Amino acid sequence: MRWIWLDRILELERGQRCVAIKNVSAAEEVLHDHFPKTGNHPALPVMPNTLIIEGMAQTAGIMVGHARDFKEKVILAKINKATFTDAATPGTTIRHTATMLNLDDRGASCAGVVELIDSATGVAKPLAHIDLMFSHVDQNMQGIAFPEHNFVFTDQFMDLLARSGIN
Amino acid sequence: MALSEQEIFEQVQTVLVDALGVDEDEVTPEAKLDADLGAESIDYLDIAFRLEKQFNIKIGESEMFDQSVLNDPQYVQDGVVTPAGIAELEAKMPHADLSQWKQDPQVEKLGDVFDVQMLCKFVQSKLGE
(Lines give C-alpha, C1' and ligand atoms only; values in the text may rest on other atoms or scores of the structure.)
Protein backbone atom coordinates (compact mmCIF):
# COMPACT_ATOMS: atom_id res chain seq x y z
CA MET A 1 0.00 0.00 0.00
CA ARG A 2 1.33 3.40 -0.89
CA TRP A 3 0.95 6.06 1.76
CA ILE A 4 0.05 8.87 -0.55
CA TRP A 5 -3.45 10.26 -0.10
CA LEU A 6 -3.32 12.74 -2.96
CA ASP A 7 -3.68 12.12 -6.68
CA ARG A 8 -2.58 15.44 -8.11
CA ILE A 9 -1.41 18.86 -7.07
CA LEU A 10 -3.33 21.59 -8.86
CA GLU A 11 -1.56 24.67 -7.51
CA LEU A 12 1.56 25.30 -5.48
CA GLU A 13 2.45 28.87 -4.63
CA ARG A 14 5.75 29.07 -2.78
CA GLY A 15 5.27 29.55 0.94
CA GLN A 16 1.67 30.63 0.45
CA ARG A 17 -0.76 27.99 -0.71
CA CYS A 18 -1.18 24.47 -2.07
CA VAL A 19 -4.24 22.89 -3.67
CA ALA A 20 -4.44 19.12 -4.21
CA ILE A 21 -7.11 16.58 -5.06
CA LYS A 22 -7.88 13.01 -4.11
CA ASN A 23 -10.38 10.95 -6.07
CA VAL A 24 -12.37 8.61 -3.86
CA SER A 25 -12.63 5.18 -5.48
CA ALA A 26 -14.65 2.10 -4.56
CA ALA A 27 -11.54 0.09 -5.47
CA GLU A 28 -9.84 1.28 -2.28
CA GLU A 29 -9.91 -1.47 0.31
CA VAL A 30 -10.06 0.89 3.24
CA LEU A 31 -13.51 2.16 2.28
CA HIS A 32 -15.05 -1.26 2.63
CA ASP A 33 -13.95 -1.65 6.21
CA HIS A 34 -15.37 1.75 6.92
CA PHE A 35 -18.21 0.92 7.21
CA PRO A 36 -19.15 -2.67 6.32
CA LYS A 37 -22.69 -4.07 6.23
CA THR A 38 -23.95 -5.06 9.67
CA GLY A 39 -27.31 -6.66 10.45
CA ASN A 40 -29.98 -4.67 8.69
CA HIS A 41 -27.64 -1.76 7.97
CA PRO A 42 -26.30 -1.69 4.41
CA ALA A 43 -22.60 -1.01 3.80
CA LEU A 44 -21.63 2.67 3.95
CA PRO A 45 -18.24 3.08 2.30
CA VAL A 46 -16.78 6.50 3.06
CA MET A 47 -13.24 7.88 3.15
CA PRO A 48 -12.19 7.79 6.84
CA ASN A 49 -11.82 11.28 8.26
CA THR A 50 -8.42 10.35 9.65
CA LEU A 51 -7.19 9.77 6.10
CA ILE A 52 -8.69 13.07 4.98
CA ILE A 53 -6.64 14.69 7.74
CA GLU A 54 -3.61 12.80 6.40
CA GLY A 55 -4.41 14.13 2.91
CA MET A 56 -4.44 17.67 4.25
CA ALA A 57 -1.22 16.98 6.17
CA GLN A 58 0.39 15.86 2.91
CA THR A 59 -0.95 18.91 1.02
CA ALA A 60 0.19 21.37 3.67
CA GLY A 61 3.38 19.41 4.32
CA ILE A 62 4.37 19.71 0.66
CA MET A 63 3.70 23.45 0.85
CA VAL A 64 5.89 23.78 3.98
CA GLY A 65 8.65 21.58 2.52
CA HIS A 66 8.61 23.35 -0.85
CA ALA A 67 8.99 26.73 0.88
CA ARG A 68 12.51 25.64 1.92
CA ASP A 69 13.33 23.55 -1.14
CA PHE A 70 12.61 20.28 0.71
CA LYS A 71 15.76 20.72 2.82
CA GLU A 72 13.86 20.47 6.12
CA LYS A 73 12.30 17.30 7.49
CA VAL A 74 8.72 18.45 7.93
CA ILE A 75 6.78 16.46 10.53
CA LEU A 76 3.11 16.84 11.42
CA ALA A 77 3.24 18.00 15.04
CA LYS A 78 -0.26 19.09 15.98
CA ILE A 79 -3.83 19.01 14.70
CA ASN A 80 -5.13 22.37 15.88
CA LYS A 81 -8.59 21.79 14.52
CA ALA A 82 -10.45 19.18 12.47
CA THR A 83 -14.18 19.66 11.96
CA PHE A 84 -16.20 17.72 9.40
CA THR A 85 -19.57 18.62 7.95
CA ASP A 86 -20.02 15.87 5.36
CA ALA A 87 -18.74 12.45 4.26
CA ALA A 88 -16.72 11.55 1.14
CA THR A 89 -18.31 8.67 -0.76
CA PRO A 90 -16.93 6.77 -3.80
CA GLY A 91 -17.16 8.74 -7.02
CA THR A 92 -16.47 12.09 -5.41
CA THR A 93 -13.31 14.17 -5.38
CA ILE A 94 -11.76 15.66 -2.27
CA ARG A 95 -10.08 19.02 -2.81
CA HIS A 96 -7.58 20.16 -0.17
CA THR A 97 -6.59 23.83 -0.01
CA ALA A 98 -3.79 24.61 2.44
CA THR A 99 -2.79 28.17 3.32
CA MET A 100 0.36 29.12 5.21
CA LEU A 101 -0.27 31.10 8.38
CA ASN A 102 3.25 31.13 9.85
CA LEU A 103 6.60 29.78 8.78
CA ASP A 104 9.95 30.11 10.53
CA ASP A 105 13.05 28.06 11.31
CA ARG A 106 11.20 25.98 13.89
CA GLY A 107 8.14 25.02 11.88
CA ALA A 108 4.88 26.23 10.40
CA SER A 109 1.18 26.57 11.03
CA CYS A 110 -1.37 26.15 8.25
CA ALA A 111 -5.10 26.57 7.71
CA GLY A 112 -6.86 23.95 5.62
CA VAL A 113 -10.18 23.97 3.79
CA VAL A 114 -11.47 20.68 2.39
CA GLU A 115 -14.23 20.53 -0.21
CA LEU A 116 -16.12 17.65 -1.73
CA ILE A 117 -16.71 17.81 -5.48
CA ASP A 118 -19.62 15.88 -6.92
CA SER A 119 -18.30 14.26 -10.10
CA ALA A 120 -21.76 14.31 -11.73
CA THR A 121 -22.33 18.03 -11.38
CA GLY A 122 -18.87 19.47 -10.68
CA VAL A 123 -20.39 21.28 -7.72
CA ALA A 124 -18.12 21.70 -4.67
CA LYS A 125 -19.45 21.80 -1.13
CA PRO A 126 -17.67 22.18 2.23
CA LEU A 127 -16.35 18.97 3.74
CA ALA A 128 -13.96 19.98 6.54
CA HIS A 129 -11.72 22.56 8.15
CA ILE A 130 -8.35 21.20 9.22
CA ASP A 131 -5.68 23.42 10.78
CA LEU A 132 -2.27 21.88 11.36
CA MET A 133 1.18 22.58 12.76
CA PHE A 134 4.43 21.20 11.45
CA SER A 135 7.83 20.94 13.06
CA HIS A 136 11.15 21.24 11.23
CA VAL A 137 12.33 18.29 13.20
CA ASP A 138 16.08 18.84 12.87
CA GLN A 139 15.66 22.29 14.42
CA ASN A 140 13.60 21.17 17.39
CA MET A 141 15.06 17.92 18.64
CA GLN A 142 18.31 19.02 20.20
CA GLY A 143 20.52 16.07 20.94
CA ILE A 144 18.43 13.59 18.98
CA ALA A 145 20.02 12.48 15.76
CA PHE A 146 17.94 11.79 12.67
CA PRO A 147 19.13 10.18 9.46
CA GLU A 148 20.90 12.55 7.11
CA HIS A 149 18.61 11.86 4.16
CA ASN A 150 15.17 13.43 4.04
CA PHE A 151 12.95 10.51 5.00
CA VAL A 152 9.82 12.67 4.84
CA PHE A 153 9.85 13.70 1.21
CA THR A 154 10.29 10.31 -0.39
CA ASP A 155 10.09 9.41 -4.07
CA GLN A 156 6.32 9.04 -3.67
CA PHE A 157 6.03 12.76 -3.00
CA MET A 158 8.56 13.76 -5.61
CA ASP A 159 6.75 11.62 -8.20
CA LEU A 160 3.48 13.34 -7.26
CA LEU A 161 5.08 16.75 -7.79
CA ALA A 162 6.59 15.66 -11.11
CA ARG A 163 3.37 14.24 -12.52
CA SER A 164 1.54 17.39 -11.39
CA GLY A 165 3.96 19.40 -13.51
CA ILE A 166 5.72 21.04 -10.56
CA ASN A 167 9.52 21.32 -10.62
CA MET B 1 -2.80 53.50 22.52
CA ALA B 2 -0.92 51.19 24.87
CA LEU B 3 -2.79 48.15 26.11
CA SER B 4 -3.52 47.90 29.83
CA GLU B 5 -2.34 44.91 31.84
CA GLN B 6 -5.90 43.64 31.94
CA GLU B 7 -6.29 43.93 28.16
CA ILE B 8 -3.03 42.05 27.63
CA PHE B 9 -4.18 39.32 30.02
CA GLU B 10 -7.52 38.95 28.24
CA GLN B 11 -5.86 38.63 24.85
CA VAL B 12 -3.29 36.14 26.17
CA GLN B 13 -6.21 34.21 27.65
CA THR B 14 -7.86 34.04 24.21
CA VAL B 15 -4.62 32.83 22.65
CA LEU B 16 -4.27 30.05 25.23
CA VAL B 17 -7.89 28.97 24.93
CA ASP B 18 -7.42 28.61 21.15
CA ALA B 19 -3.96 27.03 21.28
CA LEU B 20 -4.52 24.57 24.11
CA GLY B 21 -8.25 23.88 23.89
CA VAL B 22 -8.76 24.83 27.54
CA ASP B 23 -11.67 26.74 29.10
CA GLU B 24 -11.31 30.44 29.70
CA ASP B 25 -11.72 30.09 33.47
CA GLU B 26 -8.77 27.68 33.59
CA VAL B 27 -6.48 30.40 32.26
CA THR B 28 -5.75 32.28 35.49
CA PRO B 29 -2.61 34.40 35.93
CA GLU B 30 -1.08 31.69 38.14
CA ALA B 31 -1.91 28.75 35.85
CA LYS B 32 1.22 26.85 34.79
CA LEU B 33 1.34 26.21 31.06
CA ASP B 34 2.35 22.58 31.26
CA ALA B 35 1.18 21.30 34.65
CA ASP B 36 -2.19 23.12 34.68
CA LEU B 37 -2.99 23.76 31.02
CA GLY B 38 -1.39 20.67 29.48
CA ALA B 39 0.97 22.45 27.08
CA GLU B 40 3.45 20.23 25.22
CA SER B 41 6.58 21.28 23.37
CA ILE B 42 4.91 22.00 20.01
CA ASP B 43 2.28 24.09 21.81
CA TYR B 44 4.95 26.65 22.70
CA LEU B 45 5.57 27.27 19.01
CA ASP B 46 1.81 27.46 18.43
CA ILE B 47 1.47 29.97 21.29
CA ALA B 48 4.37 32.04 19.89
CA PHE B 49 2.77 32.16 16.42
CA ARG B 50 -0.59 33.17 17.87
CA LEU B 51 0.92 35.85 20.12
CA GLU B 52 2.74 37.30 17.11
CA LYS B 53 -0.54 37.60 15.25
CA GLN B 54 -2.62 38.79 18.20
CA PHE B 55 -0.22 41.54 19.28
CA ASN B 56 1.52 42.22 15.96
CA ILE B 57 4.93 41.42 17.42
CA LYS B 58 7.84 39.26 16.25
CA ILE B 59 9.08 36.58 18.64
CA GLY B 60 12.53 35.16 17.99
CA GLU B 61 13.49 31.57 18.63
CA SER B 62 14.23 30.92 22.34
CA GLU B 63 13.14 34.45 23.22
CA MET B 64 10.03 33.43 25.14
CA PHE B 65 11.41 30.20 26.62
CA ASP B 66 15.12 29.74 26.31
CA GLN B 67 16.21 26.17 25.65
CA SER B 68 19.83 26.81 24.77
CA VAL B 69 21.00 27.02 28.39
CA LEU B 70 19.33 23.75 29.34
CA ASN B 71 20.93 22.01 26.38
CA ASP B 72 24.39 23.34 27.13
CA PRO B 73 26.43 20.89 29.28
CA GLN B 74 28.49 23.74 30.75
CA TYR B 75 25.34 25.10 32.42
CA VAL B 76 23.78 21.84 33.60
CA GLN B 77 25.29 19.25 35.93
CA ASP B 78 23.39 16.13 37.01
CA GLY B 79 20.07 17.65 36.03
CA VAL B 80 20.71 20.84 38.00
CA VAL B 81 21.37 24.25 36.47
CA THR B 82 24.68 25.74 37.65
CA PRO B 83 24.95 29.30 39.07
CA ALA B 84 26.39 30.43 35.72
CA GLY B 85 23.43 28.81 33.96
CA ILE B 86 20.98 30.55 36.29
CA ALA B 87 22.63 33.89 35.53
CA GLU B 88 22.36 33.14 31.82
CA LEU B 89 18.66 32.26 32.15
CA GLU B 90 17.98 35.46 34.09
CA ALA B 91 19.69 37.48 31.38
CA LYS B 92 17.85 35.73 28.54
CA MET B 93 14.42 35.61 30.18
CA PRO B 94 13.98 38.79 32.25
CA HIS B 95 10.20 38.28 32.03
CA ALA B 96 10.44 35.06 34.09
CA ASP B 97 10.36 35.11 37.88
CA LEU B 98 13.03 32.55 38.77
CA SER B 99 13.30 33.46 42.47
CA GLN B 100 11.44 30.42 43.81
CA TRP B 101 12.86 27.96 41.29
CA LYS B 102 16.41 29.10 42.12
CA GLN B 103 16.08 27.49 45.59
CA ASP B 104 16.16 24.09 43.85
CA PRO B 105 17.19 24.75 40.24
CA GLN B 106 16.41 21.39 38.69
CA VAL B 107 16.01 21.34 34.91
CA GLU B 108 12.79 19.35 35.11
CA LYS B 109 11.22 21.88 37.47
CA LEU B 110 11.87 24.90 35.25
CA GLY B 111 8.52 24.27 33.55
CA ASP B 112 6.82 25.45 36.75
CA VAL B 113 8.11 28.97 36.05
CA PHE B 114 6.20 29.18 32.76
CA ASP B 115 2.82 30.49 33.82
CA VAL B 116 0.24 32.81 32.28
CA GLN B 117 1.56 35.76 34.24
CA MET B 118 4.98 35.27 32.73
CA LEU B 119 3.54 35.25 29.22
CA CYS B 120 1.74 38.52 29.93
CA LYS B 121 4.97 40.10 31.18
CA PHE B 122 6.75 38.85 28.08
CA VAL B 123 4.13 40.39 25.79
CA GLN B 124 4.28 43.63 27.75
CA SER B 125 8.05 43.82 27.29
CA LYS B 126 7.74 43.08 23.55
CA LEU B 127 5.10 45.78 23.13
CA GLY B 128 7.41 48.23 24.87
CA GLU B 129 10.31 47.63 22.48
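**Entry 1: Ile9(A)**

I looked up Ile9(A) and, leaving aside its neighbours within four places in sequence, found it in contact with Cys18(A), Ala20(A), Ile62(A), Leu160(A), Leu161(A), Ser164(A) and Ile166(A). The model is a predicted one, in which local features need pLDDT of at least 70 and side-chain atom pairs count only at pLDDT 80 or more, while totals for chains, interfaces and linings use all residues. Residues are numbered from 1 along each chain as its sequence is written, and chains are lettered from A and ligands numbered from 1 in the order in which they are written.

Ile9(A) belongs to strand S1 of chain A. Helices (H or I, at least four residues) and strands (E, at least two) are DSSP runs, numbered from the N terminus. I noted a C-alpha separation of 6.9 Å between Ile9(A) and Leu161(A), which are 152 residues apart along the chain. Is Ile9(A) buried or exposed? Ile9(A) is buried, since 23 other C-beta atoms lie within 10 Å. The cut-offs are 20 or more other C-beta atoms within 10 Å of the residue's own for buried, 12 or fewer for exposed, and partly exposed in between, with C-beta atoms placed from the backbone.

**Entry 2: the sheet of chain A**

I traced the open sheet of chain A and read its six strands in the order S1-S2-S4-S5-S6-S3, with antiparallel pairing. S1 (8–13) and S3 (74–84) of chain A each have a single partner strand and stand at the edges, so one side of each is left without a neighbour in the sheet. From one strand to the next, the twist averages 20 degrees. Two strands pair if DSSP finds at least two bridges between them.

I then examined one pair: S4 (residues 92–103) and S5 (residues 107–118) of chain A are joined in the antiparallel sense over 11 bridges. Which residue of S5(A) is the bridge partner of Thr93(A)? The partner is Ile117(A).

Helix H2 (residues 49–67) of chain A lies across S1, S2 (17–23), S3, S4, S5 and S6 (124–136) of chain A, and runs at about 45 degrees to S4(A). Axes are lines fitted to C-alpha atoms, for helices over the stretch in contact, and angles run from 0 to 180 degrees between N-to-C directions.

**Entry 3: Gly112(A) and the cores**

I turned to Gly112(A), a residue of strand S5 of chain A. Gly112(A) is buried, with 24 other C-beta atoms within 10 Å. The C-alpha atoms of Gly112(A) and Phe84(A), 28 residues apart along the chain, are separated by 12 Å.

On the same exclusion of residues up to four places away, Ala60(A) touches Cys18(A), Ala98(A), Cys110(A), Gly112(A) and Leu132(A).

I next listed the nonpolar cores, each a set of buried Ala, Val, Leu, Ile, Met, Phe, Trp, Tyr and Cys residues joined through C-beta atoms within 7 Å. The largest has 56 residues, and those with the most contacts inside it are Met56(A), Ala60(A) and Val12(B). H2(A) gives the most to this core, with eight residues. A second, separate core has six residues, including Tyr75(B) and Leu89(B). In soluble globular proteins, nonpolar side chains tend to be buried together.

**Entry 4: chain B**

I counted four helices and two strands in chain B, and along the sequence they follow the pattern α-α-β-β-α-α. The radius of gyration of chain B is 15 Å, close to the 14 Å that the globule rule gives for 129 residues, so chain B is as compact as a globular protein of that length. The radius is taken over C-alpha atoms, and the rule is 2.2 Å times the number of residues to the power 0.38. The C-alpha trace of chain B spans about 45 × 30 × 25 Å along its principal axes. Of its 129 residues, 27% count as buried.

I also looked up Arg50(B), which is found in helix H2 (residues 41–55) of chain B. Arg50(B) counts as buried, with 21 C-beta neighbours inside 10 Å. Leaving aside neighbours within four places in sequence, Arg50(B) is in contact with Val15(B), Asp18(B) and Ala19(B).

**Entry 5: where the chains meet**

How many residues of chain A are in contact with chain B? I found 13 residues of chain A in contact with seven residues of chain B. On the side of chain A that touches chain B, the elements giving two or more residues are S3, S4, S5 and S6 of chain A. S3(A) gives the most, with three residues. The residues of this side of chain A divide into three nonpolar, seven polar and three charged. Here Ala, Val, Leu, Ile, Met, Phe, Trp, Tyr, Cys and Pro count as nonpolar, Asp, Glu, Lys and Arg as charged, and the others, Gly among them, as polar.

Methods
Contact = placed C-beta atoms within 7 Å.
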